[in-house]
Amino acid sequence: MLRFPPLRLLTVFETVQRAGGTKAAAGELNVSMSAISQSLRQLEEHVGTALIDRSTRPAGLTAAGEILLKAVIENRERLSEALNDIQTLADPASASVTVACTVGFATYWLMPRLEAFYLDHPEIPVNVHTTQQEVPRLGQGTDIAMRYGDGRWDDGMVEQMFRELVEPVCAPSLAERIRADGGSLGSAFLIHVDTSDRRWISWQEYLARTGQKAAGSAKGLRFSNYVQATQAALSGHGVMLGWRSITGDHVQNGLLVPAGLPPLQPNNAYHAVLSHRSRNRETAAIVVDWLRAAAQPQL
């Protein structure tokens, strides 16, 4: 049986993938980039195979790396949930509310709005737990799930937040270059996000549903999550399918602009699910009501 690797190596590995690269991870962990690279190589030596595919730019994960990352994320989420359950048992009167959502939704929609929430409700601490893919069924210790889908879930009271909208977006500098080329995406990389969730629209599906011809690089740029993809788009590396929940604020602030292709509205929407098992239902309901009001401009 393979000896379990040191926890610090797994932490570095997960942070690099979540933060979108060694530089961001080094800043988050307050260590040098060389220390990050050394930790990744030590982890690879420990498991006996390559985890990082260094032949691509940006570097991606090998098949072994994908397997390990999934296990690390799943176990971190279980540990976080267990610790929250313990905290709730120790202090059942606690006013804190725990919200579960995807990394992309937390980074680009929820976190920017929490500052305003605290101005209105400084007495309610909000804990945020993120997942790479869809939020699983609500367990004890999680009060609210922010989910994208048809709203047919039975583990809580479902409130629609806003309808999604998908529109190709890119950095303003790249948009100017595309316009100079007559509006063709032929010279631009298409930014892809690899996900097993079929509700998230791919470039192939978008082009088919909007009646567009395939354009841009067939290979394009590929990422494992929307945080990395958004950073690539912000840096002017290509055109991504912008989801309102992820790139909406960037478009509103002018950091990203429409690439000149028609928008597409999926059948699904974003919802808040207030857990039936919440021990803080009244306080959690205040959070849901506030978030729904904050989402009104996006309805």
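Guide: A residue is called buried under 20% relative accessible area, exposed over 50% and partly exposed in between, with a 1.4 Å probe and protein chains only. The model is predicted, so local features need pLDDT of at least 70 and side-chain atom pairs count only at pLDDT 80 or more, while totals for chains, interfaces and linings use all residues. Residues are numbered from 1 along each chain as its sequence is written, and side-chain values use heavy atoms, leaving out hydrogens and water.

With a salt bridge taken as a side-chain nitrogen of Lys or Arg within 4 Å of a carboxyl oxygen of Asp or Glu, the count is 13. One of them joins Glu-159 to Arg-292, whose closest N and O atoms are 3.3 Å apart. Because Glu-159 belongs to strand S6 (residues 156–163) and Arg-292 to helix H10 (residues 281–294), this pair ties together parts 133 residues apart in sequence. Helices (H or I, at least four residues) and strands (E, at least two) are DSSP runs, numbered from the N terminus. Glu-159 is partly exposed, at 24% relative accessible area, and Arg-292 counts as partly exposed at 24% relative accessibility.

Arg-113 and Asp-249 form another salt bridge, with 3.1 Å between the closest N and O atoms. Arg-113 is in helix H5 (residues 103–120) and Asp-249 in helix H9 (residues 244–252), so the two tie together parts that are 136 residues apart in sequence. Both Arg-113 and Asp-249 are buried.

Asp-150 and Arg-152 also meet through their side chains, at 2.9 Å from N to O. Here Asp-150 is partly exposed at 43% relative accessibility, whereas Arg-152 is exposed, with a relative accessible area of 72%. Finally, a network of salt bridges links Glu-14, Arg-18, Glu-28 and Arg-76.
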